[in-house]
Amino acid sequence: MNPVIVIPTFVSARRRKDGGSILTTYDHMTPISQPGELGRCLNSLQKVRGIGQIVVLVASEPTIENQAAEKVQATVSQFPGLNVVVVGAPELALIQQRMEQLGLGKLAKEVGLSGYGAIRNLGLLVADTLGFDAVVFLDDDEVVDDPDFLQRAVYGLGKLTKKGIPILAKTGYYFNSDGSYLSKSQDRWYNHFWQQGKAFNKWITKAMHGPRLSRSNHVCGGCLALHKEAFRRVSFDPWIPRGEDLDYLLDLRMYGSDIWFDNQWNLRHLPPETESEGNRFRQDIYRWLYEYRKMEYSRTQIDLLQVKPSSLEPYPGPFLEAGITKRIRLTAFLRSLARPDKKAYRKAARAATGEATTYAQRNCAKYFEFQFVWPELMARMENDQILRTALLRSAAQRAYGMEAPRQAMEQAVAAAGIDPGMTSEIRLNIAE
């Protein structure tokens, strides 16, 4: 196979504790004045056998989008042995313009650099445009120790199981800072109604003792491989605040496919310290209430397979059942008594019956509307040589510097195997 590694990275103007909007509050953002974790991740990839193209997606606040892309490019330039394309706001503008030229309309909410789902959709679209047949997602706060990481990533991908079921998506697992694949979530009294870590540990313990590939209930978004037959047909959900990886598993099931767990494919996850536990729980509230409403809505659609919580035991089934709102309120209240960020937890408790519920009700049908568009979008953008050349030119200009744009363009075109005559057909507005 010919996989591309896609790594989203998040840059902020300064360290933020209060978070942004519900879709732009991320688990961690690197202040533009700090180096962040991306360099460590790229350094670990230098030893991976057979590594080819890497795409880094740069998400940031609009006020610093150009500086953020330059910062990431400076980090990437420290690893000349890696073939890395940086996709920031200028490249996104090219993509959006090309979509309009092809009559695909504006999909800025669905495919872009704002929100976990939209960012992953952008990665899929770039992979499709550049002609790759598989995508391997990593997170920038992860470290790869295995030289055969990429080989393990595509093991079984595109093949059939003994029962003739195609393996079009698979996930691995990560070790935490303690060297364990088990969740660190503590079984404390204030988590009595929210045993997320305990349920996950029960599931993965069984999966680790099973065959190498087994049907998965869990997805590690930073250790995820998708075959083109999956990502051309099913998109990520741009309206889910976080947990877009697990949500993708549910989406695949609704559209007749699945994700497989590979218990021999792993890496290390070394995230920076969480700024606010309360804000993260607020994201979880929006996430699970939205997921519950989305699953309820999906059962009204005759063209979708029904996914029942009972098929997702021990995790995440319990978080998709009726009564989730009550459990959220109780957990937020109990944590506000015992954990830091008391105000944030109390605010989260209020959100469960207010703004989070409203958000879920207003948006739970939108993903399915977008899904009607996604396969056509991917079909039209697949190997689009005009956009492909424009993207490579833009990335090359940033990488090589404006003093030699023609040379950079020639190198990009040659690397892409594109007829040089094609470049004269480019009518996209590329900032010089």
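Let me start with N121, which lies in helix α4, spanning residues 116-130, where helices (H or I, at least four residues) are DSSP runs numbered from the N terminus. Please keep in mind that this is a predicted model, in which local features need pLDDT of at least 70 and side-chain atom pairs count only at pLDDT 80 or more, while totals for chains, interfaces and linings use all residues. Residues are numbered from 1 along each chain as its sequence is written, and side-chain values use heavy atoms, with hydrogens and water left out.

Is N121 buried or exposed? N121 counts as buried because its relative accessibility is 0%, buried meaning under 20% relative accessible area with a 1.4 Å probe and protein chains only. A polar atom of the N121 side chain lies 3.0 Å from the backbone oxygen of E110. Not counting residues up to four places away in sequence, N121 touches E110, V111, S235, F236, P238, F370 and W374, a contact being heavy atoms within 4.5 Å.

Turning to helix α3, residues 89-101, we find L94 there, and L94 also counts as buried because its relative accessibility is 3%.

Finally, the nonpolar cores, which are sets of buried Ala, Val, Leu, Ile, Met, Phe, Trp, Tyr and Cys residues joined through side-chain atoms within 4.5 Å. The largest has 95 residues, and those touching the most other members include L122 and L377. Beyond neighbours within four places in sequence, L377 is in contact with M99, L104, L107, V111 and L125. A second, separate core has 32 residues, among them L45, V48, L82 and L267.

Notes
Helices (H or I, at least four residues) and strands (E, at least two) are DSSP runs, numbered from the N terminus. Buried means under 20% relative accessible area, exposed over 50%, partly exposed in between (1.4 Å probe, protein chains only). A polar contact is a pair of N or O atoms within 3.5 Å; within protein, one must be able to donate a hydrogen and the other to accept it, and residues adjacent in sequence count only if both atoms are side-chain atoms.
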